[in-house]
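These are my notebook entries on one protein chain.

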Amino acid sequence: MTRADWNRRYEAKELIWSASANGTLVSEISGLACGRALDLAGGEGRNAVWLAEKGWQVHVVDFADEAIEKGKRLAAKRGVTDRITFETADLTDYRPAPEAFDLVIMMYFHIPVADLPPIFKRAAQALVPSGTFLLVGHDADNLAHGYGGPQRADLLYNADFVTSATGDILDVEKAGRIERKVDTDEGVRIAYDCLVRGRRR
């Protein structure tokens with residue numbers, strides 16, 4: 001989808017996603033000391049706002065202007081504007097400052113997989129030594145066996161694909177497929193996500 005496509009999608013309703021933070025993010029960074037966080041493809045800001053409420057200083061990057069504006073409104077509503085900065089940028093071109101962040105998160109960022117390895121590598125390089133990288137996205141297995149997510153194989157990936165791009169930078173702590181329960185009108189369905197968590201060497 002283009003920037004214009006995403007802007008139209010974000011304009012269509014108040015919040016596309018929940019205002020609550022992603023559950024996997026919440027569980028995976030529990031216990032980390034607060035510091036500087038980078039939220040890549042941060043969407044409407046729900047995860048960044050939650051991090052800010054916990055004491056993190058967060059920089060959010062997304063290429064949809066409407067998403068960024070929604071994120072700013074959510075941050076103001078939740079009283080954390082002093083802990084969040086926002087930037088509109090395309091991750092295929094964006095180069096975060098190296099060794100500048102204690103935490104880098106990428107949540108459900110899906111573009112053609114051929115374009116992803118340099119983005120993953122730059123994300124890992126943005127970490128300070130021992131900083132934490134966390135990625136969650138729709139796993140390739142979700143297309144045939146899970147619920148929701150992009151319905152194109154070229155937009156889905158798995159943990160091995162991510163770690164192959166970051167393996168010389170990160171010590172991988174977790175990498176694999178996880179299950180996520182989704183409440184639907186037809187009952188609870190299972191979605192399959194890719195999870196990668198590691199620390200900067």
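**Entry 1: basis.** I work with a predicted model, in which local features need pLDDT of at least 70 and side-chain atom pairs count only at pLDDT 80 or more, while totals for chains, interfaces and linings use all residues. Residues are numbered from 1 along each chain as its sequence is written, and side-chain values use heavy atoms, with hydrogens and water left out.

**Entry 2: the nonpolar cores.** I first noted the terms. A nonpolar core is a set of buried Ala, Val, Leu, Ile, Met, Phe, Trp, Tyr and Cys residues joined through side-chain atoms within 4.5 Å. Buried means under 20% relative accessible area, exposed over 50%, and partly exposed in between, with a 1.4 Å probe and protein chains only. Helices (H or I, at least four residues) and strands (E, at least two) are DSSP runs, numbered from the N terminus.

Which residues touch the most other members of the largest nonpolar core? I found L40, L91, V104, M106, F133 and L135, in a core of 30 residues. Two or more residues each come from β1 (36-40), β4 (101-107), α5 (117-125), β5 (127-138), α7 (159-166) and β7 (187-200). The largest share, four residues, is given by α5. I then found a second, separate core of 24 residues, with A48, I68, I105 and L195 among them. In soluble globular proteins, nonpolar side chains tend to be buried together.

I also looked up the surroundings of V104. Contact means heavy atoms within 4.5 Å. Leaving aside neighbours within four places in sequence, V104 is in contact with L38, L40, A123, A126, L127, T132, F133 and L134.

**Entry 3: helix α7.** Which residues of α7 are buried? I list A159, V162, T163, A165 and T166. These residues lie on the same side of α7 because they cover an arc of only 160 degrees around the axis, the arc being that of the directions from the helix axis to the C-beta atoms. D160 and S164 are exposed on the other side. The buried residues of α7 pack against α5, β5, β6 (170-184) and β7. At the start of α7, a side-chain oxygen of N158 comes to within 3.3 Å of the backbone nitrogen of D160.

**Entry 4: E28.** I located E28 in helix α2 (residues 23-28). Is E28 buried or exposed? E28 is buried, with a relative accessible area of 11%. The side chains of E28 and R197 are joined by a polar contact of 2.7 Å. A polar contact is a pair of N or O atoms within 3.5 Å; within protein, one must be able to donate a hydrogen and the other to accept it, and residues adjacent in sequence count only if both atoms are side-chain atoms. Not counting residues up to four places away in sequence, E28 touches L134, K174, L195 and R197.

**Entry 5: positive phi.** Most residues other than glycine have a negative phi. I noted E99, whose phi is near 50 degrees, in the loop between β3 (84-88) and β4. E99 is partly exposed at 45% relative accessibility. In strand β5, S130 has a positive phi of about 75 degrees.

**Entry 6: cysteines.** I found zero disulfides, a disulfide being a pair of cysteine sulfur atoms within 2.5 Å. C34 is partly exposed at 41% relative accessible area, whereas C194 is buried at 0%.
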